[in-house]
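Hello,

Here is the structure you asked about. My notes on it follow below.

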Amino acid sequence: MAAKKKAADFEQSLNALEALVNKMEQGDLSLEESLQAFSTGIQLTRECQTRLAEAEQQVNLLLEQQGEIVLTEFDASDDE
């Protein structure tokens, strides 16, 4: 169940980042609001990068066979 929570957290962070970028692109924010939005965006980006790195480590562990890591190309189109 923890994996589902982390996936949900990742999705929420990614959606929040996308909404923030869209808001910033509209150009209606004051300088102070823009700086705050940028700071929040950096934090969200770091959270997403951390979660992706954790997921990559989990995939590598799952692919480990007899002490050797077998690298397999990930095809995201199979999951859609």
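How many helices and strands does the chain have? There are two helices and two strands, and along the sequence they come in the order α-α-β-β. Please keep in mind that this is a predicted model.

On confidence: the chain has a mean pLDDT of 81, with 70% of its residues at 70 or more. Of the elements, helix 2 has the highest mean pLDDT, 89, while strand 1 (residues 64-65) has the lowest, 64. Where pLDDT is low, the predicted coordinates should not be read in detail.

On burial: of the 80 residues in the chain, 12% are buried.

Is Leu-44 buried or exposed? Leu-44 counts as buried because its relative accessible area is 12%, and the cut-off for buried is under 20%. Apart from neighbours within four places in sequence, Leu-44 is in contact with Ser-13, Ala-16, Leu-17 and Leu-20. One of these, Leu-20, is 24 residues from Leu-44 in sequence; the two C-alpha atoms are 9.8 Å apart in space.

With a relative accessible area of 31%, Ile-42 is partly exposed. Together with Met-24 and Phe-38, Ile-42 makes a nonpolar surface patch of about 250 Å².

Next, the charged side chains. How many salt bridges does a search of the whole structure find? The search finds one. The salt bridge joins the side chains of Arg-51 and Glu-54, at 3.5 Å from N to O. Both residues lie in helix 2, three residues apart, or about one turn of the helix. The two partners fall into separate burial classes: Arg-51 counts as buried at 14% relative accessibility, whereas Glu-54, at 29%, is partly exposed.

Regards

Conventions:
Residues are numbered from 1 along each chain as its sequence is written. Side-chain values use heavy atoms; hydrogens and water are left out. Patches are made of residues with over 30% relative accessible area and no salt bridge: like charges are joined within 9 Å, nonpolar side chains (Val, Leu, Ile, Met, Phe, Trp, Tyr) within 5 Å. Accessible areas come from the Shrake-Rupley method with a 1.4 Å probe; for residues, only the protein chains shown count as cover. A salt bridge is a side-chain nitrogen of Lys or Arg within 4 Å of a carboxyl oxygen of Asp or Glu. Buried means under 20% relative accessible area, exposed over 50%, partly exposed in between (1.4 Å probe, protein chains only). Helices (H or I, at least four residues) and strands (E, at least two) are DSSP runs, numbered from the N terminus. pLDDT is the predictor's confidence in each residue, from 0 to 100. Contact means heavy atoms within 4.5 Å.
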